[in-house]
Amino acid sequence: MSIVVQEVTKLYGEQKALDNVSFEVKTGEIVAFLGPNGAGKSTMMRIITGFIPASSGSVYINGTEASTDNPDIKQRIGYLPENNPLYPEMYVKEYLRFVASLYKIGRSAEKKIDNIIEITGLTPEVKKKIGSLSKGFRQRVGLAQALINDPDVLILDEATSGLDPNQIIEIRNLIKEAGREKTVMFSTHIMQEAESVCSRIIIIDKGKIVADEEKSNIYSKIKRQKQIVHVGFDRETNISGILNIPNVIKAQQVKENYWLIEAEGEEDIRPAVFSFAVKNNLTVMSLQKEESNLEEVFRHLTGG
């Protein structure tokens, strides 16, 4: 089950929330949809799920055009919106039964509900009212309702917002598990989360796609003007010798026998650092080059 977005534009009066956006998410992919606040992430997700119409352009779910009045498409999509609207006065299982009835699941509903409760880790809280649950368990209820109809496509908007580190890891694992069989698109402000969970990254800024890359290729979007190397030796050495390594412009001792070295140019300086160690009868205990991370790429592309 794939998502195809073709030249989608969304206008709110004269404001252009989305500007000719196109991309595709293939079956089995887990794609992170990133962008600053107000970039158009939630608007795009609402259009994909059929909650609001596009001003122009088209969205297709497995070849069928999605629209606000196409119930068949909505049956194939599971959606967890950013604000996770729930009924606090309802019990967990009561709410999931209600959602199942909306999807007209029928006789198999009770079995599916029990299965989803187990998958999302809601068993200890199943007899509680939603309003009494912690933020983490309310997010699990939201994820459970998104999965209740066994959708082919899962759209998650800030699924881990407001969770503690343990809850974030648990929800990440649920997303990974869902991604084995479904097409998953999720938004997040946590760059480490995108790096941990996704196979591909799409970045949107001011309503336009500014990057659409496999995770392994996204770092090529930024080129550092300098390189940073962390090196540890088995014994003391002096800073003057390190500064004589070709292209090294700065060296700082961060702890005993361990140094942070900055060098200019794109040529990897690690061989030169190793040669320096050999010439000075030093043993290299560790040698690591800092790579660009997703946060750097994000800030570079969105002007942060």
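**Salt bridges and a packed helix in a predicted model**

Good morning. The structure holds 15 salt bridges. Please keep in mind that this is a predicted model.

I shall begin with a pair on two helices. The side chains of Lys93 and Asp114 form a salt bridge, with 2.9 Å from N to O. Lys93 belongs to helix H3 and Asp114 to helix H4, so this pair ties together parts that lie 21 residues apart in sequence. Lys93 is partly exposed, at a relative accessible area of 22%, and Asp114 is also partly exposed, at 36%. Both residues take part in a network of salt bridges that links Lys93, Arg97, Glu110 and Asp114.

Helix H3 spans residues 92–102 and includes Leu102. Leu102 is exposed, with a relative accessible area of 56%. Together with Tyr87 and Phe98, Leu102 forms a nonpolar patch on the surface, and the three have about 290 Å² of accessible area together.

I turn now to helix H6. This helix covers residues 165–178, 14 residues in number, and reaches 20 Å from its first C-alpha to its last, close to the 20 Å expected. Which residues of H6 are buried? They are Gln167, Ile168, Ile171, Arg172, Leu174, Ile175 and Ala178. Viewed down the axis of H6, these buried residues fall within an arc of 160°, so they line one face of the helix. An α-helix has 3.6 residues a turn, so residues three or four places apart point the same way. The buried residues of H6 pack against several elements, including strand E3, helix H4, helix H5 and strand E7. On the face turned away from the buried side, H6 carries the exposed residues Pro165 and Asn166.

Glu177 is in a salt bridge with Arg180, at 3.7 Å from N to O. Glu177 is partly exposed, at 45% relative accessible area, whereas Arg180 is exposed, at 65%.

Arg200 forms a salt bridge with Asp212, and their closest N and O atoms are 2.8 Å apart. This pair links distant parts of the chain, with Arg200 in strand E9 and Asp212 in strand E10, 12 residues apart. Is Arg200 buried or exposed? Arg200 is buried, with a relative accessible area of 8%, while Asp212 is partly exposed, at 31%.

Beyond residues up to four places away in sequence, Asp205 touches Pro36, Ala39, Val210, Leu301 and Thr302. The C-alpha atoms of Asp205 and Glu177 are separated by 29 Å.

Thank you for your attention.

Note on methods:
Residues are numbered from 1 along each chain as its sequence is written. This is a predicted model: local features need pLDDT of at least 70, side-chain atom pairs count only at pLDDT 80 or more; totals for chains, interfaces and linings use all residues. Side-chain values use heavy atoms; hydrogens and water are left out. Helices (H or I, at least four residues) and strands (E, at least two) are DSSP runs, numbered from the N terminus. The expected span of a helix is 1.5 Å times one less than its number of residues. Buried means under 20% relative accessible area, exposed over 50%, partly exposed in between (1.4 Å probe, protein chains only). The arc is that of the directions from the helix axis to the C-beta atoms. Contact means heavy atoms within 4.5 Å. Patches are made of residues with over 30% relative accessible area and no salt bridge: like charges are joined within 9 Å, nonpolar side chains (Val, Leu, Ile, Met, Phe, Trp, Tyr) within 5 Å. Accessible areas come from the Shrake-Rupley method with a 1.4 Å probe; for residues, only the protein chains shown count as cover. A salt bridge is a side-chain nitrogen of Lys or Arg within 4 Å of a carboxyl oxygen of Asp or Glu.
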